[in-house]
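Trainee: Hi! I have a new protein open on my screen and would like to talk it through. Can you help me get started?
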Amino acid sequence: MVAWHRQSELPKYKSHIQSLLKHWQTMTESDVVHMVYTTRNYWYSVVEAVYSKLETHLNSLNREQREMLIANIEKEMLDDDWEEGDQFNRYERWLGDLSDKQKELINEYYEQGEFARQVWRAHEQRRFSQFKQAMLLSGTEQVSPELLQQAIVTTPTALPERILDIQARRIKEYANLAVKLKDTMSDKQKKHFKEELEELLELLESL
């Protein structure tokens, strides 16, 4: 699996970063939307590739191990470490210190997304319930493959239509934010962003 990822997927990531380094300063909202969908598909490719091995591994767990896995996942889902200002962390990594205008733009984006986050959390809870059923309520030692397929989404089209609609809207709003932030970047932030991309590319090339 590691060899497959190195040979099949890493070249895609490197090509993506190289293109971003070359074109990010002229990217439009449409370009950003395309980039988001492209990177999302990278994740689903990995999920599809590892799914059969994951199912085999889950079937190998005994009842106690399955219950422990469920408890650990549930704990992670219940933990809420959100603090005031956390919405800026990801952007500060890529841009460095943010201006007041940039913080205002980011806050506006996050306020727009509260309903979408609530809907997604509810969706995640439903998927987790299906996962628990697959692991514990199948009535046999075997994991229920039908419930597991429902719990672990392997393609974007397997998501409910309502979720897809909300995701599409949020991606457009994110693209709008990205372009606005790009237009407000100082020379120092542009240099910082470029260096972050170059470091990421070096990391990918070393793997």
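Mentor: Happy to! Let's begin with terms: helices and strands are DSSP runs, a helix having at least four residues and a strand at least two, numbered from the N terminus. Keep in mind that this is a predicted model.

Trainee: Okay, how many helices and strands does the protein have?
Mentor: There are 9 helices and 0 strands. Reading from the N terminus, the elements go α-α-α-α-α-α-α-α-α.

Trainee: And what box do the C-alpha atoms fill?
Mentor: Roughly 60 × 40 × 30 Å, taken along the principal axes.

Trainee: What share of the residues is buried?
Mentor: Of the 207 residues in the protein, 35% are buried. As for the surface, the protein exposes about 13300 Å², with carbon and sulfur atoms supplying 52% of that.

Trainee: Let's zoom in on one residue. Where is Gln102 found?
Mentor: Gln102 sits in helix H5, which covers residues 100–112.

Trainee: Is Gln102 buried or exposed?
Mentor: Buried, because its relative accessibility is 0%, and the cut-off for buried is under 20%.

Trainee: Which side chain does the side chain of Gln102 join in a polar contact?
Mentor: That of Gln189, at 2.9 Å. Leaving aside neighbours within four places in sequence, Gln102 is also in contact with residues including Asp97, Leu181, Thr184 and Met185.

Trainee: Switching topic, how far apart are the mean positions of the positive and negative charges?
Mentor: They are 4 Å apart, for 28 positive and 36 negative charges.

Technical notes:
Residues are numbered from 1 along each chain as its sequence is written. This is a predicted model: local features need pLDDT of at least 70, side-chain atom pairs count only at pLDDT 80 or more; totals for chains, interfaces and linings use all residues. Side-chain values use heavy atoms; hydrogens and water are left out. Buried means under 20% relative accessible area, exposed over 50%, partly exposed in between (1.4 Å probe, protein chains only). Accessible areas come from the Shrake-Rupley method with a 1.4 Å probe; for residues, only the protein chains shown count as cover. Lys and Arg count as positive and Asp and Glu as negative; His and the chain ends are not counted. The place of a charge is taken as NZ of Lys, CZ of Arg, CG of Asp or CD of Glu. A polar contact is a pair of N or O atoms within 3.5 Å; within protein, one must be able to donate a hydrogen and the other to accept it, and residues adjacent in sequence count only if both atoms are side-chain atoms. Contact means heavy atoms within 4.5 Å.
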